[in-house]
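Here is a briefing on a two-chain model. Look over the sequence and structure first, then read on by topic.

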Amino acid sequence: MRPIDSLQSRLTHTGGAAQPWLAEWWRLVDLGAVILVLALSPSSYGRERRAALSRHIYLDTAPILLGFSVLCALVTVVLTRIVLVTAQSYGLSQYALQVVIRVLVLELIPLTAALFVALRCTIPDGAELAAMQASGELDEMRRHGLDPVRFEVLPRAVAGMFAAITLAALSSLVVLVVAYLVGYGFTASGLAVYTRVFGQVFTPAVTLIFVLKALFFALAVSLIPMASALYGMRGGGVRTSAEMRGLVRMFAVMLLIEVASLVGNYY
Amino acid sequence: MNPTRGPEPPAPSAPDAPNLKFRARLLLIFMLLLVCGSALYVLYARGVFESTQKLVLLADDSEGVVVGMDLTFAGFPIGRVRRIELAEDGKARILIDVAAGDARWLRASSIFTLSRGIVGGANLRAYSGVLEDPPLPDGAVRTVLQGDPGAEIHKAASSARELIENLNALTGSDGALGMTLANLRSVTARLNEMMKVRGGALAVLLGSEAEAKKLTVTLDRTNALLARLDGIAGRADIQVFGEAGVMPETRAAVVRLGALLDDARGTLKKVDAVLVDAHAIGGNVKDATADLGVLRGEVDASLRKIDGLINEINRKWPFARDTEIRLP
């Protein structure tokens with residue numbers, strides 16, 4: 001009877017540990033659903049809220065566009081050159097640009113853009129929310145009958161999603177242009193071949209996975225820091241800070257999305 | 001993370017609101033343009049906007065062919081694989097969309113090949129030998145010719161293996177080369193042995209010492225015969241080329257013959273002169289004959305005149321004329 005007792009106690013312990021973990025994830029999913037519904041409902045974009053939304057969108061996206069584009073261009077120049085020289089030395093130069101498009105546009109750029117947005121916009125936004133929560137500002141709003149999710153979380157989450165998608169699209173464009181210039185030089189004669197190579201890489205399945213990946217990355221980087229800020233303070237008894245846990249959770253989700261996209265693309 | 005960004009009030013500050021709104025709108029439009037442009041570019045790159053004609057290639061094996069790969073003509077991509085399916089007869093049907101603008105390179109006599117490199121994917125290529133042929137119709141079905149360097153490598157490897165086996169068989173201890181070398185070794189040993197004793201290599205070649213002796217005797221006699229032949233040749237030389245030999249006399253006869261020919265040439269010249277004279281005489285005779293013709297004509301005229309005169313006289317002469325006709 002003793003082994004059964006120990007198994008039961010172990011199961012109880014595991015279940016007790018898993019419960020808050022599951023509850024946190026459930027709250028995250030719940031908040032995500034609420035934010036999505038609010039983001040898709042026209043009533044969220046009323047005249048009085050449009051100003052705040054515009055402000056968040058502009059302040060989250062515009063300052064990082066130029067810097068990230070330049071960074072992407074530099075990385076692309078270096079990586080394209082490496083791939084081209086290596087491919088040439090093996091006599092496989094016809095595959096070089098295809099490899100560059102696959103590696104940079106399909107895999108690296110969306111991930112880097114999402115991480116950049118997370119570090120520069122959504123994690124600071126989450127910290128703001130956490131500070132508001134700590135100072136009791138959000139509770140004050142609740143007392144006045146204002147929903148903090150609608151007034152404070154939604155603009156920041158939408159701005160984060162907008163920034164992630166814009167950055168992914170712009171950096172993909174920059175990478176494509178720079179890779180072309182490095183591969184063919186300042187001439188238009190390679191455009192047809194380059195477009196063909198691009199078309200060969202972007203099959204319908206790959207395009208769909210790319211779009212879904214960019215969307216899920218945007219959702220992950222914009223929602224998880226907000227959820228951690230809103231609900232993280234309540235979970236007592238955990239040694240790590242709410243911000244750090246949110247960060248780890250966000251990286252885990254991004255890793256999962258990336259792995260799922262790789263499985264979809266190459267298996 | 002960002003120390004400059006503190007908790008923001010829910011409402012933005014009034015002075016920068018319109019400017020921010022406008023910029024946010026610009027950003028929104030920029031993002032929409034970017035996303036829509038990217039989508040359009042992907043569609044364009046996938047060939048959605050180009051008009052195409054269909055081509056079906058039949059292959060025994062479609063390994064290496066993937067959807068989206070190019071069909072090339074002279075190194076330029078002119079079409080792309082849209083679909084691969086297995087036909088009822090077990091052959092692979094490769095459905096290709098050929099761009100309408102590039103379809104003019106494909107003719108009814110064009111051939112299509114599917115080759116697989118050792119490195120990299122398969123290649124679909126089109127060749128049009130006669131560009132004056134009628135163009136390939138839409139939906140044409142053609143069999144694709146397949147070439148596989150990998151299979152060639154297997155063939156070459158099996159041929160090389162056969163070659164090596166043959167070499168091994170040749171060079172083995174019981175092989176032809178080994179036997180030959182063994183025979184050579186025994187011959188050399190025997191040669192050495194015979195060189196030491198008598199007869200030398202001849203005895204080895206002819207089999208026995210007696211045969212070698214016979215050959216030596218034959219050679220001696222041949223030498224003696226050659227010496228005699230040498231003497232005969234010397235005597236014949238004297239007979240032919242000596243002072244009283246055949247050759248000097250022949251030379252004198254030839255000299256005499258030359259003189260005789262000179263004489264004959266002089267005689268012929270004289271005969272030639274005589275012939276010239278005869279020719280002149282003949283010409284004179286011809287002239288005389290012409291004169292004789294004229295003279296005869298004149299004589300004939302004179303005679304006719306005389307005849308007329310006599311008739312006249314006879315008519316006018318009444319007497320002493322006997323006009324009676326006597327019958328016999």
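The crossing of H3(A) and H6(A) is right-handed; a crossing is left-handed if the near helix is turned anticlockwise from the far one by less than a right angle, and right-handed if clockwise. Helices (H or I, at least four residues) and strands (E, at least two) are DSSP runs, numbered from the N terminus. This is a predicted model: local features need pLDDT of at least 70, side-chain atom pairs count only at pLDDT 80 or more, and totals for chains, interfaces and linings use all residues. Residues are numbered from 1 along each chain as its sequence is written, while chains are lettered from A and ligands numbered from 1 in the order in which they are written.

**The H3(A)–H6(A) pair**

- H3(A) and H6(A) pack at an angle of about 50°, with axes 10 Å apart. Axes are lines fitted to C-alpha atoms, for helices over the stretch in contact, and angles run from 0 to 180 degrees between N-to-C directions.
- The two helices H3(A) and H6(A) are therefore oblique to each other. Angles under 35 degrees count as roughly parallel, over 145 as roughly antiparallel, 65 to 115 as roughly perpendicular and the rest as oblique.
- From H3(A), Leu97(A), Gln98(A), Ile101(A) and Arg102(A) meet Tyr194(A), Val197(A), Phe198(A), Gln200(A) and Val201(A) of H6(A). Two residues are in contact if their C-beta atoms, placed from the backbone, lie within 7 Å.
- The residues of this contact divide into six nonpolar, two polar and one charged. Ala, Val, Leu, Ile, Met, Phe, Trp, Tyr, Cys and Pro count as nonpolar, Asp, Glu, Lys and Arg as charged, and the others, Gly among them, as polar.

**Arg102(A)**

- Arg102(A) sits in helix H3 of chain A.
- Arg102(A) counts as partly exposed because it has 17 C-beta neighbours inside 10 Å. A residue is buried if 20 or more other C-beta atoms lie within 10 Å of its own, exposed if 12 or fewer, and partly exposed in between, with C-beta atoms placed from the backbone.
- The C-alpha atoms of Arg102(A) and Val201(A) are separated by 6.9 Å, yet the two residues are 99 residues apart along the chain.

**Chain A overall**

- Chain A has eight helices and zero strands.
- Of its 267 residues, 37% are buried.
- Among contacts in chain A with a separation of 6 or more, 84% come from residues 24 or more positions apart.

**Where chain A touches chain B**

- The contact takes 32 residues from chain A and 27 residues from chain B.
- On the chain A side, the elements giving two or more residues are helix H2 (47-89), helix H3 (96-135), helix H5 (148-184) and helix H6 (191-201).
- That side of chain A has 20 nonpolar, nine polar and three charged residues.

**Chain B**

- Chain B has six helices and seven strands. Along the sequence, the pattern is α-β-β-β-β-β-β-β-α-α-α-α-α.
- Buried residues make up 9% of the 328 residues of chain B.
- Among contacts in chain B between residues at least 6 apart in sequence, 52% join residues at least 24 apart.

**Ala74(B)**

- Ala74(B) lies in the loop between strand S2 (70-73) and strand S3 (76-86) of chain B.
- Phi of Ala74(B) is near 55°, a positive value in a residue other than glycine. Most residues other than glycine have a negative phi.
- Ala74(B) counts as exposed because it has 10 C-beta neighbours inside 10 Å.
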